[in-house]
Amino acid sequence: MTLPIPDLTDTPLVFHEEGGPASARGFKAVGVHAGFRADPDRLDMALVVADEPCAAAATFTTNVFCAAPVRVSREHLSEGGPGAPSYGCARAVVVNSGIANAATGERGLQAARDTAALVGDAVGCPANEVLVASTGVIGQHLRLEPFGEGVPAALAALDAQTDDAAREAGGAQAAWAIMTTDTRPKHLAVSFPGDDFGYPDTMFTVGGMAKGAGMIMPNMATMIAVITTDAPVAAPDLSAALTRAVNKSFNKVTVDSDTSTNDSCFALASGAAAPGGARFEPGTPAFAGFQQALDVVCMTLARAMAADGEGATRLITVTVRGAATAEDADAAARTVANSPLVKTAVYGHDANWGRVAAALGRSGAQFAQEDVDIDILGLPVCRAGLTVPFDEDEALLRFEQPECAIDVHLHAGDYSTVMWTCDFSHEYVTINGDYRS
């Protein structure tokens, strides 16, 4: 399904819908079949490589039961622990699909470290400049043999990328390689001009890819994302910018209220668009332009993840306004978005606002029911806590749209938020009932 790209800024952006993590200068990417999956036609290993070591930052799952690659990548970015800023220097990111390398003990940690060393040797950098991620079935041990086959094949493919079109094609392959139950790859890039920032005739690019379709609930989600930029941004500032972008995008996605063991979002900044130029400093127009581009990329990928939720037939956007606090806005939106009854009503094309009201009432947000307004698909269905007659036939027609908007106004304050989810269909049960088979 085709979704509109969010309009977040007045900064003129050029969208590359076929772009991805190799669209920014200074990076290449590729996806190959290494052998983690039995199907020889399915890509199952992605490699993103920077021309030179560059600034890197990441956000990771808050799940205590975190996977070995999460722990190793945290170590490589000198993170103080879950929730602490995570940034440093990196040259490459390697991702395998099919096996999560989670709940695998010391053997799993060693496998993740050996993976980083193997890739580092091949690329020509220390192991601690390689970030690793895995996605797939929990509890199975990660074999190193596929990396021995896949990494040389990936590097050969990278060497063959001699123009922009080949690099973007490689980025698209990488997006395919990290998929699990996703039905389609998720990747794009945006560029913005530097003329107003002291960089005449220079375009800066932010590109990325992500995977995620199930076991999705902040913070973060069953997702892996790799984002690159050729803007000159220092690692600590990149970390702060990434955290801001993630908080308004990937941390606002929920499919089934489950938080995964492997969630990782990496960002790398090469500075290759302005070699030798001054870094973008926080508080400047240049940094604001970069932040806005990063926000758009993350938000677009997040919406695509929600729309591609396991068994989903449509994206649901839940907007809550008029909350007493930011926490109340988040709690109200999250509870509505996670409600199986709301999600099945959308699947059944039923504008059943009572389910939305019930979810709001148990969310913990403070409000008076006599003040609540609810719209579904732009139709007023509840005003001041009471039903409003609406055209059921018109509602059925609007349910044919790929996106269902649920808008709530609590009239309790000035805070608002947006959450993205998807409907629950019969296919969701089918997918998760036989996921390991």
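Why does Ala273 count as buried? Hold that thought for a minute, everyone.

First, some housekeeping. What you have on screen is a predicted model, where local features need pLDDT of at least 70, side-chain atom pairs count only at pLDDT 80 or more, and totals for chains, interfaces and linings use all residues. Residues are numbered from 1 along each chain as its sequence is written, and side-chain values use heavy atoms, with hydrogens and water left out.

Back to Ala273. Ala273 counts as buried because its relative accessibility is 10%; buried means under 20% relative accessible area, exposed over 50%, and partly exposed in between, with a 1.4 Å probe and protein chains only. You'll find Ala273 in the loop between S9 and H6. Helices here are DSSP runs of H or I with at least four residues, strands are runs of E with at least two, and both are numbered from the N terminus. Leaving out residues up to four places away in sequence, Ala273 touches Arg25, Thr202, Met203, Phe204 and Asp230, where contact means heavy atoms within 4.5 Å. Arg25 sits 248 residues away in sequence, yet the C-alpha to C-alpha distance is 6.3 Å.

Now let's step back to the whole chain. There are 11 helices and 15 strands, and 57% of the 437 residues count as buried.

On to the cores. A nonpolar core is a set of buried Ala, Val, Leu, Ile, Met, Phe, Trp, Tyr and Cys residues joined through side-chain atoms within 4.5 Å. The largest one has 45 residues, and Phe250, Phe280 and Phe290 have the most contacts inside it. Helix H6 (285–307) is among the elements that each supply at least two residues of this core, and H6 gives the largest share, 14 residues. Setting aside neighbours within four places in sequence, the contacts of Phe290 include Phe192, Val206, Leu238 and Phe280. A second, separate core of 31 residues includes Trp353, Val372, Val381 and Ile406.

Last stop, the sheet. Six strands make an open sheet with mixed pairing, in the order S13-S12-S11-S14-S10-S15; strands pair if DSSP finds at least two bridges between them. At the edges, pairing on one side only, are S13 (386–387) and S15 (415–422). S12 (residues 379–383) pairs with S13 in the antiparallel sense over two bridges, and Cys382 has Thr387 in S13 as its bridge partner.
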